[in-house]
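Welcome, and please open the model in your viewer. We will go from one selection to the next, with a short note on what to look for at each stop.

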Amino acid sequence: MNDDEFLDVLRAAAEEFDPVPAGVLRDASAALALRALDAELAALVESEALVRGDGPVTLAFESERVSVSLEISDDVLRGFVTGAAGEAVVETPRSRRAVPIVDGWFTATGVPSGLVRIRLTAADGTPVVTQWAHGTA
Amino acid sequence: MEIPAALAAAARGDQAAWDGLVKQFSGLLWSIARAYRLNDADAADAVQCTWVKLVEHLDRIAEPERLAGWLATTARHECLQLIRRAGRLPEPSEEIADSPDPAPAVDHALIVGERNAALWRVFEELPDRCRRLLRVLMASPPPAYADVALALDMPVGSIGPIRQRCLNRLKALVTGNELLEGRS
(Lines give C-alpha, C1' and ligand atoms only; values in the text may rest on other atoms or scores of the structure.)
Protein backbone atom coordinates (compact mmCIF):
# COMPACT_ATOMS: atom_id res chain seq x y z
CA MET A 1 0.00 0.00 0.00
CA ASN A 2 1.57 3.33 -1.00
CA ASP A 3 1.28 6.52 1.05
CA ASP A 4 -1.67 7.91 -0.90
CA GLU A 5 -3.61 4.69 -0.49
CA PHE A 6 -2.75 4.56 3.22
CA LEU A 7 -3.96 8.13 3.63
CA ASP A 8 -7.21 7.19 1.87
CA VAL A 9 -7.70 4.41 4.44
CA LEU A 10 -7.07 6.94 7.22
CA ARG A 11 -9.53 9.36 5.62
CA ALA A 12 -12.19 6.65 5.64
CA ALA A 13 -11.43 5.99 9.32
CA ALA A 14 -11.74 9.71 10.11
CA GLU A 15 -15.10 9.85 8.36
CA GLU A 16 -16.24 6.89 10.41
CA PHE A 17 -14.89 7.91 13.83
CA ASP A 18 -14.74 11.69 13.72
CA PRO A 19 -17.23 12.94 11.13
CA VAL A 20 -18.40 16.55 10.95
CA PRO A 21 -21.38 16.63 13.35
CA ALA A 22 -24.75 17.31 11.71
CA GLY A 23 -25.30 20.27 14.05
CA VAL A 24 -22.08 21.90 12.85
CA LEU A 25 -23.31 21.65 9.25
CA ARG A 26 -26.73 23.05 10.23
CA ASP A 27 -25.17 26.02 12.04
CA ALA A 28 -22.89 26.69 9.08
CA SER A 29 -25.83 26.67 6.70
CA ALA A 30 -27.80 29.01 8.96
CA ALA A 31 -24.88 31.45 9.22
CA LEU A 32 -25.77 33.03 5.86
CA ALA A 33 -28.81 34.60 7.54
CA LEU A 34 -26.42 36.66 9.69
CA ARG A 35 -25.55 38.93 6.75
CA ALA A 36 -26.03 42.56 7.72
CA LEU A 37 -26.65 44.11 4.32
CA ASP A 38 -28.70 47.02 5.52
CA ALA A 39 -26.30 48.32 8.11
CA GLU A 40 -23.24 50.54 8.25
CA LEU A 41 -20.33 48.51 9.62
CA ALA A 42 -18.56 49.68 12.76
CA ALA A 43 -15.05 48.26 12.52
CA LEU A 44 -13.07 46.93 15.45
CA VAL A 45 -10.38 49.53 16.17
CA GLU A 46 -9.10 48.29 19.48
CA SER A 47 -9.12 44.99 21.28
CA GLU A 48 -7.60 44.15 24.58
CA ALA A 49 -7.81 40.92 26.46
CA LEU A 50 -5.69 39.21 29.00
CA VAL A 51 -3.69 36.56 27.26
CA ARG A 52 -4.98 33.79 29.42
CA GLY A 53 -7.68 33.15 31.91
CA ASP A 54 -9.87 35.64 33.70
CA GLY A 55 -10.46 39.33 33.33
CA PRO A 56 -12.61 41.50 31.12
CA VAL A 57 -12.23 41.88 27.38
CA THR A 58 -12.44 45.45 26.12
CA LEU A 59 -13.30 46.27 22.54
CA ALA A 60 -13.77 49.52 20.62
CA PHE A 61 -15.64 49.91 17.32
CA GLU A 62 -16.07 52.90 15.05
CA SER A 63 -18.15 53.72 12.02
CA GLU A 64 -18.77 57.03 10.31
CA ARG A 65 -21.71 57.80 12.59
CA VAL A 66 -21.19 55.79 15.75
CA SER A 67 -18.51 54.69 18.17
CA VAL A 68 -19.01 51.85 20.63
CA SER A 69 -16.85 50.55 23.42
CA LEU A 70 -17.57 47.23 25.10
CA GLU A 71 -16.37 45.54 28.23
CA ILE A 72 -17.22 41.87 28.49
CA SER A 73 -16.63 39.99 31.71
CA ASP A 74 -17.97 36.47 32.03
CA ASP A 75 -21.53 36.74 30.73
CA VAL A 76 -21.97 40.48 31.41
CA LEU A 77 -21.56 42.97 28.60
CA ARG A 78 -21.39 46.70 29.32
CA GLY A 79 -21.25 49.17 26.47
CA PHE A 80 -20.88 52.88 25.93
CA VAL A 81 -22.03 54.40 22.67
CA THR A 82 -21.84 57.83 21.08
CA GLY A 83 -23.90 58.81 18.04
CA ALA A 84 -26.75 56.39 18.74
CA ALA A 85 -29.62 56.19 21.20
CA GLY A 86 -32.70 54.09 21.90
CA GLU A 87 -31.83 50.40 21.99
CA ALA A 88 -28.71 48.33 21.54
CA VAL A 89 -29.29 44.84 20.15
CA VAL A 90 -26.75 42.35 21.48
CA GLU A 91 -26.39 39.56 18.90
CA THR A 92 -24.66 36.21 19.01
CA PRO A 93 -24.85 33.67 16.17
CA ARG A 94 -27.75 32.05 17.99
CA SER A 95 -29.46 34.86 19.86
CA ARG A 96 -30.36 38.52 19.84
CA ARG A 97 -31.59 40.74 22.66
CA ALA A 98 -32.43 44.42 22.79
CA VAL A 99 -31.41 46.47 25.84
CA PRO A 100 -32.08 50.17 26.47
CA ILE A 101 -29.36 52.78 26.09
CA VAL A 102 -29.39 55.15 29.06
CA ASP A 103 -27.16 58.22 28.85
CA GLY A 104 -24.98 56.32 26.38
CA TRP A 105 -24.64 53.22 28.53
CA PHE A 106 -26.17 49.79 28.07
CA THR A 107 -25.79 46.48 29.91
CA ALA A 108 -26.72 42.95 28.93
CA THR A 109 -26.42 39.93 31.20
CA GLY A 110 -26.46 36.23 30.37
CA VAL A 111 -24.52 36.79 27.15
CA PRO A 112 -23.40 33.42 25.76
CA SER A 113 -19.69 32.86 25.19
CA GLY A 114 -18.24 33.15 21.71
CA LEU A 115 -18.90 35.76 19.05
CA VAL A 116 -20.94 38.86 19.75
CA ARG A 117 -21.88 42.01 17.84
CA ILE A 118 -24.04 45.05 18.56
CA ARG A 119 -26.74 46.58 16.34
CA LEU A 120 -27.53 50.23 16.87
CA THR A 121 -29.52 52.99 15.23
CA ALA A 122 -27.54 56.15 14.54
CA ALA A 123 -29.03 59.53 15.41
CA ASP A 124 -30.05 60.04 11.75
CA GLY A 125 -31.80 56.66 11.63
CA THR A 126 -29.04 54.72 9.84
CA PRO A 127 -28.71 51.14 11.09
CA VAL A 128 -25.21 50.34 12.31
CA VAL A 129 -23.74 46.97 13.23
CA THR A 130 -20.35 46.25 14.76
CA GLN A 131 -18.01 43.60 13.44
CA TRP A 132 -18.20 40.24 15.16
CA ALA A 133 -15.81 40.00 18.06
CA HIS A 134 -14.96 37.42 20.66
CA GLY A 135 -16.32 38.15 24.06
CA THR A 136 -15.42 35.40 26.45
CA ALA A 137 -14.63 32.07 24.94
CA MET B 1 -20.43 25.99 -9.24
CA GLU B 2 -16.91 27.49 -9.26
CA ILE B 3 -15.89 29.00 -5.93
CA PRO B 4 -15.79 32.69 -7.03
CA ALA B 5 -19.25 32.33 -8.58
CA ALA B 6 -20.54 30.54 -5.49
CA LEU B 7 -19.16 33.27 -3.23
CA ALA B 8 -20.75 35.99 -5.36
CA ALA B 9 -24.08 34.16 -5.34
CA ALA B 10 -23.91 33.63 -1.57
CA ALA B 11 -23.18 37.34 -1.12
CA ARG B 12 -26.48 37.97 -2.93
CA GLY B 13 -28.22 35.66 -0.47
CA ASP B 14 -28.26 32.46 -2.55
CA GLN B 15 -28.67 29.79 0.15
CA ALA B 16 -27.99 26.88 -2.24
CA ALA B 17 -24.68 28.42 -3.31
CA TRP B 18 -23.76 28.95 0.35
CA ASP B 19 -24.70 25.40 1.26
CA GLY B 20 -22.44 24.20 -1.55
CA LEU B 21 -19.50 26.02 0.06
CA VAL B 22 -20.44 24.62 3.47
CA LYS B 23 -20.53 21.12 2.03
CA GLN B 24 -17.20 21.53 0.27
CA PHE B 25 -15.19 23.01 3.14
CA SER B 26 -16.75 21.83 6.42
CA GLY B 27 -14.61 18.69 6.36
CA LEU B 28 -11.45 20.78 6.15
CA LEU B 29 -12.53 23.14 8.95
CA TRP B 30 -13.56 20.29 11.24
CA SER B 31 -10.27 18.50 10.59
CA ILE B 32 -8.31 21.65 11.44
CA ALA B 33 -10.17 22.05 14.74
CA ARG B 34 -9.51 18.40 15.59
CA ALA B 35 -5.88 18.74 14.54
CA TYR B 36 -5.58 21.34 17.32
CA ARG B 37 -7.19 18.81 19.68
CA LEU B 38 -10.27 20.90 20.38
CA ASN B 39 -13.10 19.00 22.10
CA ASP B 40 -16.54 18.68 20.48
CA ALA B 41 -17.90 21.98 21.79
CA ASP B 42 -14.78 24.02 21.07
CA ALA B 43 -14.34 22.50 17.63
CA ALA B 44 -17.95 23.32 16.78
CA ASP B 45 -17.38 26.87 18.04
CA ALA B 46 -14.21 27.33 15.98
CA VAL B 47 -15.91 26.09 12.82
CA GLN B 48 -19.01 28.24 13.41
CA CYS B 49 -16.89 31.34 14.08
CA THR B 50 -15.04 30.73 10.81
CA TRP B 51 -18.29 30.57 8.82
CA VAL B 52 -19.72 33.63 10.58
CA LYS B 53 -16.59 35.59 9.68
CA LEU B 54 -16.88 34.45 6.08
CA VAL B 55 -20.47 35.73 6.02
CA GLU B 56 -19.20 39.05 7.36
CA HIS B 57 -16.54 39.18 4.61
CA LEU B 58 -18.59 37.69 1.75
CA ASP B 59 -18.21 40.71 -0.50
CA ARG B 60 -14.66 41.47 0.65
CA ILE B 61 -12.73 38.28 -0.09
CA ALA B 62 -9.80 39.61 -2.10
CA GLU B 63 -8.98 36.34 -3.87
CA PRO B 64 -12.15 34.25 -4.13
CA GLU B 65 -10.32 31.45 -5.91
CA ARG B 66 -8.21 31.04 -2.77
CA LEU B 67 -11.18 30.71 -0.43
CA ALA B 68 -9.88 27.43 1.01
CA GLY B 69 -6.71 29.20 2.15
CA TRP B 70 -8.71 32.06 3.68
CA LEU B 71 -10.89 29.57 5.56
CA ALA B 72 -7.87 27.54 6.72
CA THR B 73 -6.12 30.65 8.01
CA THR B 74 -9.25 31.92 9.76
CA ALA B 75 -9.90 28.52 11.33
CA ARG B 76 -6.32 28.39 12.65
CA HIS B 77 -6.78 31.80 14.29
CA GLU B 78 -10.10 30.73 15.82
CA CYS B 79 -8.57 27.52 17.19
CA LEU B 80 -5.55 29.27 18.68
CA GLN B 81 -7.77 31.94 20.22
CA LEU B 82 -9.92 29.28 21.89
CA ILE B 83 -6.81 27.52 23.17
CA ARG B 84 -5.38 30.79 24.55
CA ARG B 85 -8.63 31.81 26.21
CA ALA B 86 -8.94 28.42 27.83
CA GLY B 87 -5.48 28.92 29.29
CA ARG B 88 -4.06 25.82 27.71
CA LEU B 89 -0.47 26.05 26.68
CA PRO B 90 0.27 24.93 23.15
CA GLU B 91 1.74 21.48 22.95
CA PRO B 92 5.52 21.56 22.68
CA SER B 93 6.62 20.62 19.20
CA GLU B 94 8.55 17.39 19.07
CA GLU B 95 11.23 16.26 16.74
CA ILE B 96 10.05 13.51 14.49
CA ALA B 97 12.58 10.73 14.46
CA ASP B 98 12.82 8.46 11.48
CA SER B 99 13.14 5.45 13.73
CA PRO B 100 9.87 4.76 15.46
CA ASP B 101 9.23 4.06 19.09
CA PRO B 102 8.53 0.43 19.96
CA ALA B 103 5.04 -0.53 18.95
CA PRO B 104 2.58 -0.29 21.83
CA ALA B 105 0.71 -3.24 23.23
CA VAL B 106 -2.05 -4.26 20.92
CA ASP B 107 -5.42 -5.66 21.78
CA HIS B 108 -5.36 -9.01 20.01
CA ALA B 109 -8.96 -9.72 20.88
CA LEU B 110 -10.22 -7.26 18.30
CA ILE B 111 -12.26 -8.79 15.58
CA VAL B 112 -11.49 -8.09 11.94
CA GLY B 113 -14.51 -5.84 11.58
CA GLU B 114 -12.94 -3.43 14.06
CA ARG B 115 -9.81 -2.83 12.01
CA ASN B 116 -10.66 0.80 11.37
CA ALA B 117 -11.30 1.34 15.06
CA ALA B 118 -7.90 -0.16 15.85
CA LEU B 119 -6.27 1.98 13.19
CA TRP B 120 -7.94 5.06 14.65
CA ARG B 121 -6.64 4.23 18.14
CA VAL B 122 -3.12 3.73 16.81
CA PHE B 123 -3.39 7.05 14.96
CA GLU B 124 -4.36 8.84 18.18
CA GLU B 125 -1.13 7.56 19.78
CA LEU B 126 1.05 9.39 17.28
CA PRO B 127 3.24 12.24 18.54
CA ASP B 128 1.34 15.50 18.38
CA ARG B 129 3.09 17.02 15.40
CA CYS B 130 2.42 13.94 13.28
CA ARG B 131 -1.13 13.56 14.49
CA ARG B 132 -1.82 17.23 13.76
CA LEU B 133 -0.55 17.14 10.17
CA LEU B 134 -2.17 13.82 9.31
CA ARG B 135 -5.50 14.90 10.81
CA VAL B 136 -5.68 17.84 8.41
CA LEU B 137 -4.50 15.73 5.47
CA MET B 138 -7.33 13.30 6.29
CA ALA B 139 -9.94 15.98 5.61
CA SER B 140 -12.56 15.06 3.09
CA PRO B 141 -12.29 16.09 0.29
CA PRO B 142 -8.46 15.98 0.43
CA PRO B 143 -7.05 19.49 0.94
CA ALA B 144 -4.31 21.10 -1.15
CA TYR B 145 -0.89 21.30 0.53
CA ALA B 146 -1.02 25.11 0.29
CA ASP B 147 -4.18 25.14 2.41
CA VAL B 148 -2.77 22.61 4.88
CA ALA B 149 0.27 24.89 5.24
CA LEU B 150 -1.98 27.83 6.12
CA ALA B 151 -4.03 25.74 8.54
CA LEU B 152 -0.96 24.71 10.50
CA ASP B 153 1.37 27.64 9.82
CA MET B 154 3.96 25.36 8.24
CA PRO B 155 6.12 25.90 5.16
CA VAL B 156 4.34 24.26 2.26
CA GLY B 157 7.58 22.54 1.21
CA SER B 158 7.85 20.74 4.54
CA ILE B 159 4.49 19.00 4.27
CA GLY B 160 5.48 16.26 1.83
CA PRO B 161 8.59 15.12 3.76
CA ILE B 162 6.87 15.31 7.17
CA ARG B 163 3.84 13.50 5.78
CA GLN B 164 6.11 10.69 4.61
CA ARG B 165 7.91 10.39 7.97
CA CYS B 166 4.63 10.47 9.88
CA LEU B 167 2.98 7.84 7.69
CA ASN B 168 6.06 5.66 8.12
CA ARG B 169 5.81 6.13 11.84
CA LEU B 170 2.16 5.16 11.79
CA LYS B 171 2.93 2.13 9.63
CA ALA B 172 5.54 1.08 12.18
CA LEU B 173 2.90 1.27 14.92
CA VAL B 174 0.60 -0.79 12.76
CA THR B 175 3.32 -3.39 12.16
CA GLY B 176 3.13 -5.90 14.93
CA ASN B 177 -0.56 -5.30 15.26
CA GLU B 178 -1.80 -8.53 13.74
CA LEU B 179 -5.19 -6.97 13.13
CA LEU B 180 -3.74 -4.21 11.01
CA GLU B 181 -0.57 -5.67 9.64
CA GLY B 182 -2.17 -7.00 6.49
CA ARG B 183 -3.08 -3.55 5.28
CA SER B 184 0.12 -1.61 5.87
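A polar contact here is a pair of N or O atoms within 3.5 Å; within protein, one must be able to donate a hydrogen and the other to accept it, and residues adjacent in sequence count only if both atoms are side-chain atoms. Between chain B and chain A there are 19 residue pairs in polar contact, both residues being at pLDDT 80 or more. This is a predicted model, in which local features need pLDDT of at least 70 and side-chain atom pairs count only at pLDDT 80 or more, while totals for chains, interfaces and linings use all residues. Residues are numbered from 1 along each chain as its sequence is written, chains are lettered from A and ligands numbered from 1 in the order in which they are written, and side-chain values use heavy atoms, with hydrogens and water left out.

**Stop 1: the side of chain B that touches chain A**

Select the residues in contact (heavy atoms within 4.5 Å) across the two chains: chain B brings 50 residues and chain A brings 43. The two chains bury about 4200 Å² between them, 64% of it on carbon and sulfur atoms; this buried area is the accessible area (1.4 Å probe) that two parts lose on being put together, summed over both.

Four salt bridges run between chain B and chain A, each one a side-chain nitrogen of Lys or Arg within 4 Å of a carboxyl oxygen of Asp or Glu. One to display is Arg135(B) with Asp18(A), whose closest N and O atoms are 3.0 Å apart. Now colour chain B by element: H1 (3–11), H2 (15–35), H3 (40–56), H4 (67–85), H5 (115–124), H6 (128–137) and H8 (156–174) each supply at least two residues of the side that touches chain A. Helices (H or I, at least four residues) and strands (E, at least two) are DSSP runs, numbered from the N terminus. Which helix gives the most to that side of chain B? H3(B) does, with ten residues. By type, the residues on this side of chain B divide into 24 nonpolar, eleven polar and 15 charged.

**Stop 2: chain B as a whole**

Chain B has eight helices and zero strands. Of its 184 residues, 52% are buried, where buried means under 20% relative accessible area, exposed over 50%, and partly exposed in between (1.4 Å probe, protein chains only). Among contacts in chain B between residues at least 6 apart in sequence, 67% join residues at least 24 apart.

**Stop 3**

Over all chains, the structure holds 19 salt bridges. Bring chain A back and select Arg163(B) and Asp4(A), whose side chains meet in a salt bridge at 2.8 Å, N to O. Arg163(B) lies in H8 of chain B and Asp4(A) in H1 (residues 3–17) of chain A, so the pair joins two chains. Arg163(B) is buried at 12% relative accessibility, whereas Asp4(A) is partly exposed at 47%.

Next, pick Glu78(B) and Lys53(B), a salt bridge of 2.8 Å, N to O. Glu78(B) sits in H4 and Lys53(B) in H3 of chain B, 25 residues apart, and the pair links distant parts of the chain. Both Glu78(B) and Lys53(B) are buried.

Then centre on Arg132(B) and Asp128(B), which form a salt bridge of 3.0 Å, N to O. They are four residues apart in H6 of chain B, and therefore separated by about one helical turn. Is Asp128(B) buried or exposed? Asp128(B) is buried, at 6% relative accessibility, while Arg132(B) is partly exposed at 23%.

In chain A, select Asp38(A), Glu91(A), Arg96(A), Arg117(A) and Arg119(A), which are linked in a network of salt bridges.

**Stop 4: backbone details**

Zoom in on Ser140(B) and Pro141(B), joined by a cis peptide bond with omega of about -5 degrees. Pro141(B) lies in the loop between H6 and H7 (145–152) of chain B.

Finish with Arg37(B), which has a positive phi of about 60 degrees although it is not a glycine. Arg37(B) belongs to the loop between H2 and H3 of chain B.

Definitions and conventions: Nonpolar A, V, L, I, M, F, W, Y, C, P; charged D, E, K, R; others polar.
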